Amino acid sequence: MRTLKINRQRKRFWLFILIAILVNSCFRLFDADIIEERLPRMITLIMVVIYLFFNHNVKRRWVFYALILFIFRDVFYLEFEKAWGEEGYFITSAVVYLLLIAERVKFIQVDFGGRIEFLLFILLFVALSSILFVLFDITKMFLETPVEVLGFNLHGIVLIGLTLVAYIYFYSLSGRRAFFFLFAVLGFVVTDVSACLAYYGDVQPLFYLDRMAFIISVALLVEYMTNKESYEQEQGELRVLGDFKSARKLGKNKYLQV
């Protein structure tokens, strides 16, 4: 009975996400003013946080705090054309991504063992770093204060770090929960890149991709936090991984004693 209730809640939540995407898109289509256009995303975040506050299956508090900070980031976003709004937006973004790194930081020490995954890790780092350099080259003429320049670069560097941590987390466990987290982070990458190109590069259609990717990423973080089945699966995988590491360490110690 409880499982059916949880499934109904999940279906209602994803219906809400679909409606939120449509509403956020409509405000762009109907040529609303700049504040009206940005408010729906903040309202969507507030409703998600309220939903999580009353959800007893929430497993990770760091992510919950990150979502609350996303709301404060959107307050700065409402005044993004002012220097303090732009500075606050970038700095708050960096703090949010640092919180998400803290959520999975224990997975950053992984022995790739010379596998193809290590090459993919390097390629991912190079690709993200190159994108950051290109975006900074596009935006530097619009960044008027040293704090804006620092905030933009800090935001980008921390997001690169978060993406690499998410990749290592997925490589380590490869479960559904790691999948939710990785693709939520990749969605934030898509969001920030498309928003930057849309705003500073005046590629207007990318605003739709920005809103869609962001809301889907938030939804995936909610799944990461509340999906009890994937949480229990991950706990089992962690126990197995811990036993394997302990056995391997014990084997090395015995070898050294011979």
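1. Helices here are DSSP runs of H or I with at least four residues, strands are runs of E with at least two, and both are numbered from the N terminus. By that rule, Leu15 sits in helix 1 (residues 2–29).

2. This is a predicted model: local features need pLDDT of at least 70, side-chain atom pairs count only at pLDDT 80 or more, and totals for chains, interfaces and linings use all residues. Residues are numbered from 1 along each chain as its sequence is written, and side-chain values use heavy atoms, with hydrogens and water left out.

3. The chain has nine helices and zero strands. Along the sequence the pattern reads α-α-α-α-α-α-α-α-α.

4. Of the chain's 258 residues, 45% are buried (under 20% relative accessible area; exposed is over 50%, partly exposed lies in between; 1.4 Å probe, protein chains only). The accessible surface is about 14,000 Å², and carbon and sulfur atoms hold 70% of that (Shrake-Rupley method, 1.4 Å probe; for residues, only the protein chains shown count as cover).

5. Take contacts next (heavy atoms within 4.5 Å). Among those between residues at least 6 apart in sequence, 76% join residues at least 24 apart.

6. Helix 3 covers residues 61–78. Its 18 residues should span 26 Å at 1.5 Å a residue, and its end C-alpha atoms are 26 Å apart, which agrees. The expected span is 1.5 Å times one less than the number of residues.

7. Which residues of helix 3 are buried? They are Val63, Phe64, Ala66, Leu67, Phe70, Ile71, Arg73, Asp74, Tyr77 and Leu78. Seen down the axis of helix 3, they fall within an arc of 165°, so they line one face of the helix. The arc is taken from the directions from the helix axis to the C-beta atoms. Their cover includes helix 2 (34–53), helix 4 (83–104), helix 7 (176–199) and helix 8 (206–226).

8. Helix 2 has 20 residues. From first C-alpha to last, helix 2 reaches 30 Å, close to the 28 Å expected. Its buried residues include Glu37, Arg38, Pro40 and Arg41.

9. Leu15 belongs to a nonpolar surface patch with Leu18, Ile19, Leu22, Val23 and Phe27. Together these residues have about 510 Å² of accessible area. Patch residues have over 30% relative accessible area and no salt bridge; like charges are joined within 9 Å, nonpolar side chains (Val, Leu, Ile, Met, Phe, Trp, Tyr) within 5 Å. A salt bridge puts a side-chain nitrogen of Lys or Arg within 4 Å of a carboxyl oxygen of Asp or Glu.

10. Asp202 lies in the loop between helix 7 and helix 8. Asp202 is not a glycine, yet has a positive phi of about 60°. Its relative accessibility is 53%, so Asp202 counts as exposed.
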